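Open the model in your viewer and keep the sequence panel beside it. Each stop below says what to select and what is there.

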Amino acid sequence: MKPIRDFVLVKPFMADEITEGGLFIPEGFRERSSKAKVISVGRGTAKVKMEAKKDDCIFHIKGAGEPVVVNNELHFLIRHNDILAYFSNN
């Protein structure tokens, strides 16, 4: 799937299953992670230059994007402006 304009296709990282205190969080109560891996990016627009690249790891605005299913896996289409930061996933 190739996004258009300033959209970015991302695959979210798994949400935490256990709290810092060691309590298990049931799947229905887990929040969607704000961390994701960039799968593909659009070409941008005259006003938005695309900085994100395939395989970048990002933090995005909580709850951003539209869910899409690609190869039976949940992904999200977010706007490039919804990316808050890049990080190394080492």
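The tour goes from the whole chain to the sheet and then to single residues.

**Before selecting anything**

This is a predicted model, in which local features need pLDDT of at least 70 and side-chain atom pairs count only at pLDDT 80 or more, while totals for chains, interfaces and linings use all residues. Residues are numbered from 1 along each chain as its sequence is written, and side-chain values use heavy atoms, with hydrogens and water left out.

**Whole chain**

Show the protein as a cartoon: it has six strands and zero helices. Here helices (H or I, at least four residues) and strands (E, at least two) are DSSP runs, numbered from the N terminus. Along the principal axes, the C-alpha atoms fill a box of roughly 50 × 25 × 20 Å.

Of the 90 residues, 33% count as buried, where buried means under 20% relative accessible area, exposed over 50%, and partly exposed in between.

**The sheet**

Select the six strands. They form an open, antiparallel sheet in the order β4-β5-β1-β2-β3-β6; two strands pair if DSSP finds at least two bridges between them. Because β4 (66–70) and β6 (83–87) stand at the edges with a single partner strand each, one side of each has no neighbour in the sheet.

Now select residues 7–12 and 35–41, which are β1 and β2; this antiparallel pair has five bridges. Within it, pick L9 and find its bridge partner in β2, S40.

**H60**

Select H60, in strand β3 (residues 57–60). Is H60 buried or exposed? H60 is buried, at a relative accessible area of 3%. Beyond its neighbours within four places in sequence, the contacts of H60 include R32, S33, A36, I78 and L84, a contact being heavy atoms within 4.5 Å.

**Two loop residues with positive phi**

Go to D55, in the loop between β2 and β3. D55 is not a glycine, yet its phi is positive, near 75 degrees. With 43% relative accessibility, D55 counts as partly exposed.

Finish at N71, in the loop between β4 and β5 (73–79). N71 is also not a glycine and has a positive phi of about 55 degrees. At 72% relative accessibility, N71 counts as exposed.

Methods
Buried < 20%, exposed > 50% of the residue type's maximum accessible area, 1.4 Å probe, protein only.
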